[in-house]
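Reader: Can we go through this one together? I'd like to talk about pockets and packing.
Author: Fine, here it is.

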Amino acid sequence: MISASQRAVEAICERYQAAIVEFSHQRLHIALSGTPPHEMMTELRFLTPGVIDVECWPQARLEQYLHRNQGPQEGAERTDEAGAGAIDRVNQLLNMALQKRASDVHIEPQEHGLRIRIRVDGVLQQAMVLSEGSAPLIARLKILASLDIAERRVPQDGQFSLVLADKTESFRLSTLPTRCGEKAVIRLLQSDEQAISLEKLGMPATLLKHYRSALSKPQGLILVTGPTGSGKTFTLYSGLSWLNAPSRNLCSVEDPVEIPLAGVNQTQIHTRSGLSFNLVLRALLRQDPDVIMLGEIRDAETAEIAVKAAQTGHLVLSTLHTNSTTETLVRMGQMGVPGYMLASALKLIVAQRLVRKLCSHCREPAEALAHFPSDIWPGTVQNWRAVGCERCFSGYYGRLALFEMLPVFPSLQNALAQNASPEALAKLALQQGMEPLFVGGLHCVNRGETTLEELTRVTGGPG
């Protein structure tokens with residue numbers, strides 16, 4: 001009895017004028033007269049668990065073989081349509097995510113069916129619930145990301161690009177085994193290089209001046225900090241884009257490469273093959289770099305290499321998972337970087353968050369608030385209410401960035417070299433004129449750009 005998968009394979013081969021020489025669970029052997037089309041191979045890999053062997057035959061031999069083996073293939077067309085269903089479903093899902101401005105798509109197998117959620121403006125929302133299982137969708141995504149379809153027991157990661165609505169979009173895929181099956185998360189990557197610029201960051205003019213000044217230095221360390229999803233990578237890419245010129249050798253080591261930048265030598269780490277952050281970073285130092293971007297400072301060894309590189313004629317940009325600028329100074333010390341080394345290398349720290357932006361069409365004024373300490377905000381703050389309309393649905397549309405910036409001036413440099421306490425460093429930072437994240441956010445609330453509720457949700461409040 002011919003299986004459904006075999007009928008689907010036969011229909012695909014018929015459509016592309018390919019002959020099936022042998023078909024078993026372990027092997028599919030096909031022949032055709034020219035180079036196999038990419039679309040055909042993608043569809044066959046989706047349906048075939050075993051190895052696919054392709055042989056090139058003269059057209060006359062192929063026609064003779066096809067004519068000799070031609071026979072009725074009832075139901076093949078119907079099964080082929082069923083096999084292509086997952087392809088259409090994935091395309092529809094990704095199109096929907098792009099239209100709704102989602103940053104991530106979660107495909108989650110449940111006890112009975114499938115839940116799909118999308119993250120829009122930093123908040124996870126349920127998009128749909130399906131009665132079908134996740135296996136066909138996950139298999140299709142794995143094919144696109146060149147992952148192992150048969151491996152369902154361990155997590156896998158990959159990237160792929162797809163043409164949707166006549167535009168090439170880039171995605172990152174992560175799979176994870178769960179109790180009910182494999183879960184997948186798709187990250188929608190920024191694919192428009194024109195949008196990567198310092199002007200698009202939304203930094204106030206004074207802070208942008210500090211950032212440009214640090215980027216203009218021939219050597220030193222610039223750190224961008226904040227939790228996952230706070231826009232750190234975009235800030236670093238914008239700095240790289242501004243520095244990108246034929247006269248500079250720009251190199252990066254990332255996990256993964258999120259936005260391809262022409263003119264930047266980007267290296268993606270691969271832990272399984274031994275290509276670690278530290279190994280690539282050491283190799284980069286022998287590549288005559290002017291600017292080095294590290295996706296993240298993860299441990300003491302990486303921190304030490306980064307600081308030494310910043311002291312020896314390189315401009316180093318990196319991220320760190322800390323909540324504020326002064327906490328970053330403490331964290332680097334905890335990683336084993338001596339105060340005197342950090343003082344000579346560090347040029348700037350940027351802490352940032354992303355808050356949802358009020359929809360300008362439906363926002364409404366709320367009561368003015370005056371319960372803040374005078375050193376945080378003298379007077380009242382005009383608060384606003386997120387209502388929701390047909391344009392935004394949630395009362396918010398898009399996000400805006402909040403920045404806390406700490407340039408390392410001589411007074412702070414001296415305090416670092418003398419191993420000053422965290423309290424003394426924080427006090428000195430405020431004396432230098434640093435505006436905390438929450439205070440910067442209050443300005444946005446007062447201007448009607450976001451709400452106090454949203455600001456508190458993201459920053460945790462004035463403390």
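Author: A pocket here is an open set of grid points where a 1.4 Å probe fits, with protein on both sides within 12 Å along at least five of seven lines. Note that the model is predicted.

Reader: How much space lies in the second largest pocket?
Author: The second largest pocket holds about 830 Å³.

Reader: Which residues are closest to its centre?
Author: Thr42, Arg45, Phe46, Ile143 and Ile149 are, out of 32 lining residues.

Reader: And which elements give two or more residues to that lining?
Author: Those are α2 (38–47), α5 (135–144) and β7 (156–164). The largest share, 8 residues, is from α5.

Reader: How do the lining residues divide into nonpolar, polar and charged?
Author: There are 17 nonpolar, 7 polar and 8 charged residues in the lining of the second largest pocket.

Reader: Where does this pocket lie relative to the domains?
Author: Between domain 1 (4–57) and domain 2 (84–189), because both give residues to its lining.

Reader: Switching to packing. Which residues have the most contacts inside the largest nonpolar core?
Author: Leu221, Ile297, Leu329, Met332 and Leu346, in a core of 39 residues. Helix α9 (residues 300–311) supplies the largest share of this core, with 6 residues.

Reader: What is Leu221 in contact with, leaving aside neighbours within four places in sequence?
Author: Its partners include Val307, Ala310, Val316, Met332 and Leu346. Lys347 is also in contact with Leu221.

Reader: What does the second core include?
Author: That separate core has 29 residues, among them Ile196, Tyr211, Leu250 and Met405.

Key
Residues are numbered from 1 along each chain as its sequence is written. This is a predicted model: local features need pLDDT of at least 70, side-chain atom pairs count only at pLDDT 80 or more; totals for chains, interfaces and linings use all residues. Side-chain values use heavy atoms; hydrogens and water are left out. A nonpolar core is a set of buried Ala, Val, Leu, Ile, Met, Phe, Trp, Tyr and Cys residues joined through side-chain atoms within 4.5 Å. Buried means under 20% relative accessible area, exposed over 50%, partly exposed in between (1.4 Å probe, protein chains only). Helices (H or I, at least four residues) and strands (E, at least two) are DSSP runs, numbered from the N terminus. Contact means heavy atoms within 4.5 Å. On a 1 Å grid over the protein atoms alone, a cavity is a set of points where a 1.4 Å probe fits but cannot get out, and a pocket is an open set with protein on both sides within 12 Å along at least five of seven lines; lining residues have an atom within 4 Å of a point. Grid points are joined across faces, edges and corners, and a volume is the space filled by probe spheres set on the points. Ala, Val, Leu, Ile, Met, Phe, Trp, Tyr, Cys and Pro count as nonpolar, Asp, Glu, Lys and Arg as charged, and the others, Gly among them, as polar. Domain bounds come from an automatic or database domain assignment.
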